[in-house]
Amino acid sequence: MPTAKQRFTLAAFAFAALALAATTQTATAQPRTDLVVGMALEPPHLDPTAGAAGAIKEVTYANLFEPLLRVDADGKLVPGLAERWSVSEDGLTYRFTLRPNAKFHDGTGADSADVKFTLDRARAADSVNAQKAYFAPIAQVETPDPQTVVVTLSRPDGLFLFHMASGDAAIVAPESAATNKQKPVGTGPFRFDRWVAGDRVVLVRNPDYDGAKPKLDRVTFRFVSDPAAQVAALKAGDIDAFTLFSTYEALPEFRNDPKFVVTVGSTEGETLLSTNNARKPFDDVRVRRAMAHAIDRKTLIDGVLYGNGVAIGSHFPPHREGYVDLTGLYPYDPARAKALLAEAGYPNGFDTTLRLPPPPYARRGGELVAAMLAEVGIRAKIEPVEWAAWLEKTFKGKDYDLTMIAHTEPLDIDIYARPDYYFNYKSERFNALNDALNRTQDPAKRNALYGEEQKLLAEDAVNGFLFMLPSVTVQKAGLTGLWVNRPVQANDVTGVSWK
Amino acid sequence: MRRKLPLSLHLGAALTLLLVAVALLSLLWTPYPAEQVRVIARLKPPSAAHWLGTDHFGRDVLSMIMVGARNSLAVGAAAVGLGLLGGVPLGLLAAGLGRWGDEVVARLGDLVFAFPAVLTAILLTAALGAGAVNVVVALALFNAAVLARVTRGAALAVWRRPFVGAALALGRGPLSATLVHVLPNIAGIVVVQATVLFAVAIVNEAALSYLGLGIQPPSPSWGKMLGDAQTYLFTAPLQAVFPGVAIALSVMGLTMLGDGLRDWLDPRHRSSGVM
C-alpha cells in the first residue's frame with residue numbers, strides 16, 4: 001500500500017504526465033511534416049543507374065534523383081530536370097532544355113555536361129545500367145549550351161522519352177557518380193541524410209531546391225520484410241504508410257479501422273507462370289495451351305490476392321491504351337486441358353519443377369498453380385529459392401522448367417523479341433511486329449501493333465498469363481498525396497502532406 | 001516381483017501409439033484429400049463437415065494434420081534410423097580401438113556439434129536446395145554424432161567390466177566381444193537416446209518447414225501449416241492452434257516415452273533398488 005506521501009507524489013506525476021500529453025497534443029494540432037514509409041525490401045544500394053532492384057527506385061525516384069522527364073501519379077510524362085523538350089519530325093532528334101537554376105545536393109550546378117556524362121555513361125560498353133537497352137538507340141549527345149542537350153538517335157524509338165523518364169535514366173554528376181551507391185547526390189527536392197543498414201534510409205528536405213518545395217521536411221523509409229511485423233508496425237503507428245503491401249489477408253482489418261485508409265491501384269507487374277519454351281514438353285504449344293486451360297485465374301486471384309487483382313490474357317496491362325482483352329481465349333477447362341495433353345502425347349501427364357522466388361504472390365500462388373496443374377496430371381515439384389539463386393539459375397542461366405514471377409517494368413512486351421531472354425521464345429512474326437513498332441510514331445498505329453503482339457503471345461501461350469500485381473497502400477487517415485497506381489517503380493513523396 | 005512401469009512410460013507410449021496410428025490411418029483414409037484446394041471455403045472454423053476447419057486455401061485441416069503426422073514420422077524415422085546406422089558402429093569402433101581411433105571419432109563429433117542441427121540443416125538446404133531429403137541428411141548427421149558419443153561412453157564402461165576381460169582372456173576376439181557382450185549391454189541406453197532424438201527431429205523438421213526449407217507443398221507439413229498460419233493470427237487464430245498442438249503432443253509423447261524407458265532400463269536405477 002502506498003503511503004499518503006507516495007500517493008501525493010504519484011498524483012503529481014500523473015498530473016504532470018497529463019499536462020505533458022496536453023502540450024504535445026497542441027503541438028500536433030499543427031500538421032506533421034515528417035513521414036515514415038514502410039517497404040518490404042531494403043535496397044542493396046542507392047544508385048538507380050546501377051541496379052535492377054525496384055527498392056532502389058522506390059527510395060530515390062523523384063525524391064532524391066531526377067531524370068530529364070518524370071512520370072507522374074497518372075503515368076503521364078511531366079518535366080523533370082528538363083523543363084521542356086521537343087522531338088524532330090523524323091523522330092531522331094530530341095532537344096531538352098534544362099531548368100536554369102538546378103543544382104546537385106553538393107552545391108554544384110546541374111547542366112548539360114552532367115546530362116551528357118550520364119547518358120554516355122549509361123550507354124558505354126562497360127555500363128552497369130540495369131536497362132542498358134534503353135540507351136542503345138542513342139547515336140550522340142551534344143551540348144550546344146549549358147542549358148540545352150540535343151540527343152540524336154540511330155533509329156526511331158517510340159518509347160525513348162518514356163525510358164528517359166525512368167529511374168535508370170536519373171541524371172548524376174561526374175563528381176559523385178562513383179559514390180552514389182552509399183552517398184547518393186542528386187538534384188531532387190530531398191537530399192540523403194543517413195542509412196541505417198537493415199533498418200531505414202532517411203531523406204531530408206533540400207533547402208536549395210529550385211522547384212516547388214515539398215511539404216514534408218523529413219522522410220524515413222523503413223524496411224520490414226516479415227508480414228506479421230508489417231501489420232504490427234502499422235497498428236502500433238510506427239509506420240505511416242506501407243506501400244506495395246502484400247499481406248493481402250490483413251486488408252479487411254485495415255479497411256474496417258477508421259484510423260487507416262487502404263488504396264488498391266494498378267502496377268505494371270504482369271504476373272506470369274514463366275515457361276521454358278525451349279525445353280520438352282513445353283516446346284509443344286499444345287502443352288502450353290493445356291496449362292492455360294488448367295489454371296483458374298479467378299481462384300488464383302481470390303486465393304493469393306484476396307480478390308485485389310485483375311486477370312490478364314497476354315503480356316499487357318489492362319489500364320494501358322492498346323490493351324486487348326484475351327482472358328477468354330483459354331477458359332478454365334480441366335477436361336480440355338487433359339485432352340490437349342493426350343493429343344500432345346502425355347495422356348498421363350508428366351513431372352516437372354516449379355521454381356518459386358520469395359515474394360508471397362509467388363510462394364502462395366505457386367502452391368495454388370501446382371494444385372491446379374496436378375488436377376490435369378501435371379505433377380509440378382515445388383522448389384523455393386532465394387532471389388540471388390533465382391536470378392542466377394533461372395533468369396540468367398535459363399535452366400528451369402516453370403517459375404512464377406511478376407514483370408514490373410512498364411511497357412515491356414518487347415522482352416519477347418529479345419534473342420536470349422529466359423522464356424526461350426523465338427518467333428519471326430513477333431520480331432517483325434516489334435521492329436514495326438519501333439519504327440512507328442503514330443499512337444493509333446502503335447496501339448494496333450501492340451494489339452497484334454498481344455494476340456500472338458496469347459495464341460502461342462508463351463507463358464501462363466495470370467494477373468496484374470496490385471499496388472496496395474495502407475496509410476494512416478489524414479495523409480494525402482501518395483500514389484494510388486504504380487506506373488513506374490517509385491514512392492514519390494514530393495506531393496505528400498498531412499491534413 | 002515385476003517392476004512397476006513408470007507413469008511417463010504409459011503416457012508416452014499412448015501418445016506415440018496415437019501418432020503412429022493416425023499416420024497409418026492417413027495411408028488408408030483421410031476425410032478429404034489433403035491437397036484438395038477450395039479457395040471459396042477457406043479459413044472456415046471447425047464444423048461437422050470439417051472437424052478442424054479449413055486453411056487459407058480451403059484445404060481440410062484434419063486431413064492435413066493426419067498426412068502431416070505421416071510426414072513428420074517419416075522424416076523422424078529416417079533421420080534417427082540413419083543416425084543409428086552411422087553413429088552406433090562409429091561409437092563402438094571408437095571404444096574398441098581406443099587412443100587415436102577414439103580421438104578421431106571424438107573430434108569428428110565436435111565438428112558436427114560446433115553447428116546447431118537446425119543451422120546445419122539451413123546451410124545444407126541453402127546449398128543443395130530445400131526439401132525433405134536434405135533435411136533428413138542434415139538431421140541424420142547430427143543424430144549420428146550424438147549417438148556415436150553416447151555409444152562410445154556406454155561401451156567404454158562395459159569394456160572395463162570384468163566379464164569382458166574374462167571373455168577376451170578365454171580367446172574371444174574384440175569384434176566378437178563387441179557384438180556379444182558390449183552391444184546388448186548398451187542397447188537400452190541407445191534406444192532411450194534414439195527416442196529422444198526422434199522428438200528432436202520432429203521439432204527440427206517442423207522448424208525447417210516453418211522456414212520453408214523442409215517438406216515442400218503440396219505435401220502438408222505441421223511446420224509449414226504453422227508458418228502459413230502466422231499472418232492469420234489476428235483473423236483466424238485457430239489456424240495456428242491445431243498444428244501447434246499436434247507438434248506439442250507428438251514431442252511430449254516421444255520425450256515421455258524416452259524418459260520412461262530410461263527410468264525403466266537404466267542399470268543404475270536397477271542396481272540402486274528402484275523396482
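Which residue stands opposite V151(A) in β7(A)? V141(A) does. This is a predicted model, where local features need pLDDT of at least 70, side-chain atom pairs count only at pLDDT 80 or more, and totals for chains, interfaces and linings use all residues. Residues are numbered from 1 along each chain as its sequence is written, chains are lettered from A and ligands numbered from 1 in the order in which they are written, and side-chain values use heavy atoms, without hydrogens and water.

**Strand β7 of chain A**

- Strands pair if DSSP finds at least two bridges between them.
- β5(A), residues 93-98, runs antiparallel to β7(A), joined by five bridges.
- T93(A) in that pairing stands opposite T152(A).
- β6(A), residues 138-145, is also antiparallel to β7(A), again with five bridges.
- A hairpin of two residues links β6(A) to β7(A).

**Nonpolar cores**
- A nonpolar core is a set of buried Ala, Val, Leu, Ile, Met, Phe, Trp, Tyr and Cys residues joined through side-chain atoms within 4.5 Å.
- The largest has 119 residues, and V151(A) and Y416(A) are among those with the most contacts inside it.
- Another core, of 52 residues, lies apart from it and includes L19(B) and I215(B).

How values were computed. Buried < 20%, exposed > 50% of the residue type's maximum accessible area, 1.4 Å probe, protein only. Helix = DSSP H or I, 4+ residues; strand = E, 2+ residues; numbered from the N terminus.
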